[in-house]
Amino acid sequence: MHSDAISPDKSPQDAGPQPDADLQPDGSSESLRRVAVASFIGTAIEFYDFYIYGTAAALVLNEAFFPTLDPVNATLASFSTYAVAFAARPIGSVIFGHFGDRVGRKSVLVASLLLMGLSTALVGLLPGYSTLGIWAPILLILLRFLQGIGLGGEWGGAALLAVEHAPKKKRGMYAAFPQLGPSVGFFAATGVFWLLSAVLSDDAFRSWGWRVPFLLSFLLVGVGLFVRMRISETPVFAKVMDAQEASKVPTLDVLRRYPRELLLGAGGMIVAYGLFYTATTYCLAYSTGTLGVSRNTMLGLSLVACLFLAAGTWLAATRSDAAGRRKLILAGAGLAVVWGLVLFPLLDTEQPVLMALAIGGALFCMGVVYGPMGAYLPELFGTNVRYSGASLAYNLGGVLGGAVSPLVATRLQSAFGSSSVGWYVSAMAVVSLVCVLALPETRERELA
C-alpha cells in the first residue's frame, strides 16, 4: 500500500491513532534527554567497534592475517572478512528482533552491546598468521561474524528507543541522536588510528599498534552498559505487552504482512551503505595503496569528512519533521547520483583539499539519506513487529550496499579504472531513489 490507511490485515496497534500516543513515561524533558543520550552513546560505541575493523582491514589486516597472498588478493581477502559481518547482520536482526518484539527493547540492546563489544575486543588479542597459521584468519572471521550478529540487533533497538519515546512531531529530531552514532563512532575510530599512526613507527603500528583501538572496546562496553541500564522500556511497546499483543514469530509476520516495506526499505538503504563504505574503507585503501598518499594524510582527511557526515545527518533528520522523511531521502539519493561521478576525479587529483571535498561530499550525501531513516524505517512497520521489520530492512540494505562495495570497487578499479567505481556508486543511488519513490510518506503516522 502507498497510503497511511489501515489495511485489512493489520491490527489496530499497527496504524490506528491513539489519543495518548505522544505521552512519555514520566512526561519530563529529563526522561527524553536520558533516552536521547542512551541511544546516541550506544550506537556511537557499536559503530566505533564496527568501523575500527574497516579501517584496520584497509591498512593492516591483509599483512597480519593473509601474508602469503599477493597484494591485490590479500586486500580482497581482508575485505572479504570485513564483508562477513554484513552477511551476519540480518541474522542478528532476526535473533535480536525476535526478542526485541517479544520481550522488550531495553534488555535486547544490552545483550547486543555486550556481544558486539566483546567480539571487537577479542580481535585485539588475536595472534596473527605468523603465530597461529591458518587458524588466525579462521578465528578472525568468526569474531567478525559475531560482530555482525551484535550490530544486526543494535540499530533497530536504538532507533526504536528514540522514536517510540519521542512526541509525534519530534520523532525525526530524536531519531537524529542514534543516527549521529555512526558519525561519532567513525570519527573516534579514525581518530584513534590517526593518533597511533602519528606517534608510532610504521613497524610498531603494524606489529601491535593497530590492536589498541580494539582493546579500548573493553572500556567502552562498560560505559555503554552503565548508560543503557538506566533507561526505561518504551511506552509504545509497553502498551503492546499490556494488551498481550506481542507477535509470536515477528520475522514471519514481517514477511507476511510487510514484504513490500521490507524490500523497498532495504533498497532505500543501499545508497547510504554504498556511499559510506566506498568513501571510507575503499577510498582509504585505494588512496594509500594505488595513489601512494600517506596513511596519516588519508586518516586526517577522513576525520574532516566525518564532519560532513554529521552535518548531513543532523540537518536532514531534524528537517524531516517539517519537510517529510521521504522528500529528504530522495534529495540525498539524487545528489548521490551526481556525486558518484565526481568522487574519483576529485580523489585522483591527489590534492588534499579536493580529496577532502570528494570524501566529505560523498558522506554528506550519505548523511542526508541516513538521517531521516532513523524515523522512516520504524514508521513503516507496526509496533508488534517494528524491531524486526526496521532492523531487517536496515541490515539487508547493508548486505547489498555495504558488504560488496569494497569488493566490487577493488575489482572494477583494477579492471576498468577508478571512474568505473564512481559509476557503480551512482548506480546504487539510482536503485535507492527508485525504491523510496515507491514508498509512502510516514511522518504523520501514529506509532501506537
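Biologist: How many of the 31 residues of helix 14 are buried?

Modeller: In this predicted model, 26 of the 31 are buried, and helix 14 is mostly covered.

Biologist: Where does helix 14 run, and what does it reach from its first C-alpha to its last?

Modeller: Helix 14 takes in residues 259-289 and reaches 42 Å from end to end, close to the 45 Å expected at 1.5 Å a residue.

Biologist: And where does helix 14 bend?

Modeller: At C283, by about 40°.

Biologist: OK, zooming out. How many helices and strands does the protein have?

Modeller: The secondary structure comes to 20 helices and zero strands. Of the 448 residues, 60% count as buried.

Biologist: What share of the contacts between residues at least 6 apart joins residues at least 24 apart?

Modeller: That share is 86%.

Biologist: Let's do aromatics. How many aromatic pairs does the structure hold?

Modeller: There are 19 aromatic pairs. Take F186 and F276: the ring centres are 5.1 Å apart and the planes sit at 75°, so this pair is edge-to-face.

Biologist: Are F186 and F276 buried or exposed?

Modeller: Both F186 and F276 are buried. Another pair with a partner in helix 8 is F193 with F205, which sits in helix 9 (residues 202-207), 12 residues apart. The F193 and F205 rings are edge-to-face too, at 6.2 Å centre to centre and 65° between the planes. Both of these phenylalanines are buried.

Biologist: What lies over the face of F205?

Modeller: R295 does, at 4.2 Å from the ring centre.

Biologist: Back to the ring pairs, which residues do they link into a cluster?

Modeller: The cluster has F47, Y51, W155, F186, Y273, F276, Y277, Y370 and Y394.

Biologist: What is L363 in contact with, leaving aside its neighbours within four places in sequence?

Modeller: L363 is in contact with F186 and F276, and also with A279, T280, A305, C306, F308 and L309. The place of L363 is in helix 17.

Biologist: Why does L363 count as buried?

Modeller: Because its relative accessibility is 0%, and the cut-off for buried is under 20%.

Biologist: How far is L363 from A305, C-alpha to C-alpha?

Modeller: The two C-alpha atoms are separated by 6.7 Å, with the residues 58 apart along the chain. C306, another of the L363 contacts, counts as buried at 2% relative accessibility.

Biologist: Switching to cysteines, how many disulfides does a search of the whole structure find?

Modeller: Zero, across the whole structure.

Biologist: Where does C435 lie, and what is it in contact with beyond its sequence neighbours?

Modeller: C435 lies in helix 20 (residues 418-437). Leaving aside neighbours within four places, C435 is in contact with L264, G267 and G268. The C-alpha atoms of C435 and R260 are separated by 10.0 Å, although the residues are 175 apart along the chain.

Biologist: Is C435 buried or exposed?

Modeller: Buried, with a relative accessible area of 13%.

Biologist: Next, T318. Which residues does T318 touch, not counting those up to four places away?

Modeller: T318 touches G172, M173 and A176. T318 itself is found in helix 15 (residues 295-323), and is partly exposed with a relative accessible area of 24%. From T318 to F177 the C-alpha separation is 9.9 Å, at 141 residues apart along the chain.

Biologist: What's going on with phi of E350?

Modeller: Phi of E350 is near 60°, a positive value in a residue other than glycine. Most residues other than glycine have a negative phi.

Biologist: Where is E350 found?

Modeller: In the loop between helix 16 (325-347) and helix 17 (352-379). E350 counts as partly exposed, at 39% relative accessibility.

Biologist: Last one: what should helix 18 span at 1.5 Å a residue?

Modeller: The 18 residues of helix 18 (residues 386-403) should span 26 Å, and the end C-alpha atoms are 24 Å apart, which agrees. Helix 18 is mostly covered, with 15 of its 18 residues buried.

How values were computed:
Residues are numbered from 1 along each chain as its sequence is written. This is a predicted model: local features need pLDDT of at least 70, side-chain atom pairs count only at pLDDT 80 or more; totals for chains, interfaces and linings use all residues. Side-chain values use heavy atoms; hydrogens and water are left out. Helices (H or I, at least four residues) and strands (E, at least two) are DSSP runs, numbered from the N terminus. The expected span of a helix is 1.5 Å times one less than its number of residues. The bend at a residue is the angle between axes fitted to the seven residues ending there and the seven starting there. Buried means under 20% relative accessible area, exposed over 50%, partly exposed in between (1.4 Å probe, protein chains only). A disulfide is a pair of cysteine sulfur atoms within 2.5 Å. Rings of Phe, Tyr and Trp (its six-membered ring) pair if their centres lie within 6.5 Å; planes under 30 degrees apart count as stacked, over 60 as edge-to-face and the rest as tilted. A charge sits over a ring if NZ of Lys or CZ of Arg is within 6 Å of the ring centre and within 35 degrees of the ring normal. Contact means heavy atoms within 4.5 Å.
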